[in-house]
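Hi everyone, thanks for making time. I'd like to walk you through one model today, so please have a look at it first.

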Amino acid sequence: MNRLHRARVDAEKSGEVLDLVDTHFGRAGLHLPETIVERAFRQWRGEPDYNASALGRLGTRRAIADWYGRHKINVEAEGVLLTAGSTLSYHLLFATLPGDRPPALPKPAYPLFEEIATLNRIQPVWYALDPGENWRIDRASVERAIRRGAGCVVLVTPNNPCGTAVDADDLRWVCGVAAAAGIPVVSDEVFATFTNGLVSTPEAPGRAPSALACGSSLGTDVFVVDGLSKSAAAPEVKLGWIATNNAHGTLWRSIEFAHDAYLSTSAFAEHVGSVLLRHGLEHLRSVAVAVAARRRAFLRGAAQIEALKLYPPAAGIHAVFAIERNRAAEAFGSADDEEIAIELVRRERLFLHPGYLYGIDMEDPHFVVSYLGREETTRDGLNRLGAALARRST
Ligand SMILES: Cc1ncc(COP(=O)(O)O)c(C=O)c1O
């Protein structure tokens, strides 16, 4: 347990602490509708024969391929492999992608990716997202990572924690340099339906540009990591998938072969997936609409706190902000992100993440929050932050 978590546990002994980086969909009031669960249950019991296969149930893979088709992304059912969640998808990819070459991961990044690489005894190489350009990909750093022997380039779009989606131009560029280096692109698109300004139809949400769309035209093998945990607010179902534009390549065969050892998906989860993607698009849309409303409310609230230097999020469920270091020192007696986070837990009973956990190491202290929670929770959290910043340290 690190110092921040110890401070939180101590503070919780005398009452509740407001968690402004809580990404629990259920606590945020977003749930999979019972009608979908019941329909999936009936469908599952009506199809009692379980045929274990490394790719997973064909009907579900077809539903996923059709879901991509709706967004004009061409994926065959043979190019979809079902897993028990994105964490396992990453594990399969890191364990099978070109030999022992490291993945190139973005920085800042959700710490999970490095953990999975480490579990696979792989030391990742990093490329940078540029804070001066609202965390756009720093192209020179991608080229350096490739020269250092990266075995694949990992995109996280929309990004956790930066709250940005990679635009079509950068997607094409990354696919192009990866193709030239003969390495694949892994694109984590678990937050794709949580993006500002998308055209959604009455029955389905839109999605951020996918690397699958440009990989094929450039001859790049693309492996998209996606699933139901975020888009359907259904982490408990544990259904993820990897989708590729090259279902006939050797990489795909080795991923399939590796998953044959696990056969990780449950038949019930597979049925939830097909029912949801065939009959539950309105639910996906309503989750995306709720997240967009919470993002707007967060932006309005954060704009009231003059000392926050916010990188306005346009996608995902996270946001990054900084506090100018002199101002931080005045309010908290320190300009260190971890010290400030500990002070916030102790003084304001407010929990958020210091930026260093995501690899953010800059002059001004940076922090990561999520606005997935109910609007009143986010408002309360921002009020506590504003009050702390208005106070001088004693
Ligand atoms: C960007 C990103 N990818 C993947 C995951 C893991 O998702 P899953 O619940 O499908 O394992 C997370 C979890 O928060 C995430 O933020």
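Predicted model: local features only at pLDDT ≥ 70, side-chain atom pairs only at ≥ 80, totals over all residues.

Residues are numbered from 1 along each chain as its sequence is written.

Let's start with the overall shape. The C-alpha atoms fill a box of roughly 65 × 50 × 40 Å along the principal axes. For 394 residues, a compact globule would have a radius of gyration near 21 Å, and the chain has 21 Å, so the two agree. That radius is taken over C-alpha atoms, and the globule rule is 2.2 Å times the number of residues to the power 0.38. Of the 394 residues, 48% count as buried. Buried here means that 20 or more other C-beta atoms, placed from the backbone, lie within 10 Å of the residue's own. Among contacts between residues at least 6 apart in sequence, 73% join residues at least 24 apart. A contact means C-beta atoms, placed from the backbone, within 7 Å.

The secondary structure comes to 15 helices and 14 strands. These are DSSP runs numbered from the N terminus, with at least four residues (H or I) for a helix and at least two (E) for a strand.

Now the domains, whose bounds come from an automatic or database domain assignment. Domain 1 covers 3-23 + 284-390, and domain 2 covers 50-279. Their C-alpha centres lie 28 Å apart. The classes are Ala, Val, Leu, Ile, Met, Phe, Trp, Tyr, Cys and Pro as nonpolar, Asp, Glu, Lys and Arg as charged, and the others, Gly among them, as polar.

So is E11 covered or open? Strand E11 (residues 318-323) is mostly covered, with six of its six residues buried. In a regular strand the side chains alternate between the two faces of the sheet. On one side we find His318, Val320 and Ala322, on the other Ala319, Phe321 and Ile323, and all are buried.

E11 pairs antiparallel with E10 (residues 308-311) through four bridges; pairing requires at least two DSSP bridges between the strands. Leucine 308 has isoleucine 323 as its bridge partner. In that hairpin, with six residues between the strands, glycine 316 takes a positive phi near 75 degrees. E11 also pairs antiparallel with E14 (residues 366-370) over five bridges, and there valine 320 stands opposite valine 368.

Next, an open sheet of eight strands with mixed pairing, in the order E2-E9-E8-E7-E6-E3-E4-E5. E2 (80-83) and E5 (136-137) stand at the edges with a single partner strand each, so one side of each has no neighbour in the sheet. Inside the order, E3 (residues 103-107) and E4 (residues 125-130) pair parallel over four bridges, with lysine 107 partnered by alanine 128.

Last stop: which residues are around the ligand? Among them are Gly85, Ser86, Thr87, Tyr110, Asn160, Asp188 and Ser229, where near means a C-beta atom, placed from the backbone, within 6 Å. The shell has four nonpolar, seven polar and one charged residues.

Note on methods:
Buried ≥ 20, exposed ≤ 12 C-beta atoms within 10 Å, placed from the backbone. Contact = placed C-beta atoms within 7 Å.
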